[in-house]
Amino acid sequence: MSMVPDSVPCPTCQSPSRRKISAPRLSIAGSAGFKLIDSTKRSAYEPQVVSSPPATGRRKVQTYTDNPLHKKLPRP
């Protein structure tokens, strides 16, 4: 980059123009997006280790239905 001239001619009007060096825009994702991408990649070769299963809380009580059509549905 040190060998590149400070100004180059404009391709349209041929007047000298200064070069502008800026940071590249590598992704439009924010930091949350990068964290998600990184954790997804990491989980392929470095699975998360847990000491116990996740707490699910209280089990929901299934409400009773008296609809006769529901009796024909397969039970889980």
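The protein chain of this predicted model holds one helix and two strands. Strand β1 covers residues 7-9, and β2 covers residues 16-18, with a loop between the two strands.

The overall dimensions come next. The C-alpha trace of the protein chain spans about 85 × 40 × 20 Å along its principal axes. Its radius of gyration is 30 Å, whereas a compact globule of 76 residues would have a value near 11 Å. Of the 76 residues, 1% count as buried. The chain exposes about 8400 Å², and 58% of that area is supplied by carbon and sulfur atoms.

Pro 9 belongs to strand β1. Its relative accessibility is 54%, and because exposed means over 50%, Pro 9 counts as exposed. A pair of positions gives a sense of distance along the chain: Pro 9 and Glu 46 are 37 residues apart in sequence, and their C-alpha atoms are 51 Å apart in space. Gln 14, in turn, sits in the loop between β1 and β2. With a relative accessibility of 53%, Gln 14 also counts as exposed. The backbone of Gln 14 deserves a look as well, with a phi near 65°, a positive value in a residue other than glycine.

A disulfide is a covalent bond between the sulfur atoms of two cysteines. A search of the whole structure finds zero disulfides. Cys 10 is in no disulfide, and the nearest cysteine sulfur to its own, that of Cys 13, is 3.7 Å away. Cys 13 is likewise in no disulfide, its nearest cysteine sulfur being that of Cys 10 at 3.7 Å. Because a disulfide requires sulfur atoms within 2.5 Å, the 3.7 Å separation leaves Cys 10 without such a bond.

Finally, the surface has pockets to explore. About 370 Å³ of space lies in the largest pocket. Its lining is made up of Gln 62, Thr 63, Tyr 64, Thr 65, Asn 67, His 70, Lys 71, Leu 73, Pro 74, Arg 75 and Pro 76. Sorted by class, the lining of the largest pocket has five polar, four nonpolar and two charged residues.

Technical notes: Residues numbered from 1 in each chain as written. Predicted model: local features only at pLDDT ≥ 70, side-chain atom pairs only at ≥ 80, totals over all residues. Heavy atoms only, no water. 1 Å grid on protein atoms, 1.4 Å probe; cavity = no way out; pocket = protein on both sides within 12 Å on 5 of 7 lines; lining within 4 Å. Points joined across faces, edges and corners; volume = space filled by probe spheres on them. Nonpolar A, V, L, I, M, F, W, Y, C, P; charged D, E, K, R; others polar. Helix = DSSP H or I, 4+ residues; strand = E, 2+ residues; numbered from the N terminus. Rg over C-alpha atoms; globule rule 2.2 N^0.38 Å. Buried < 20%, exposed > 50% of the residue type's maximum accessible area, 1.4 Å probe, protein only. Areas by Shrake-Rupley, 256 points an atom, 1.4 Å probe, with all protein chains shown as cover.
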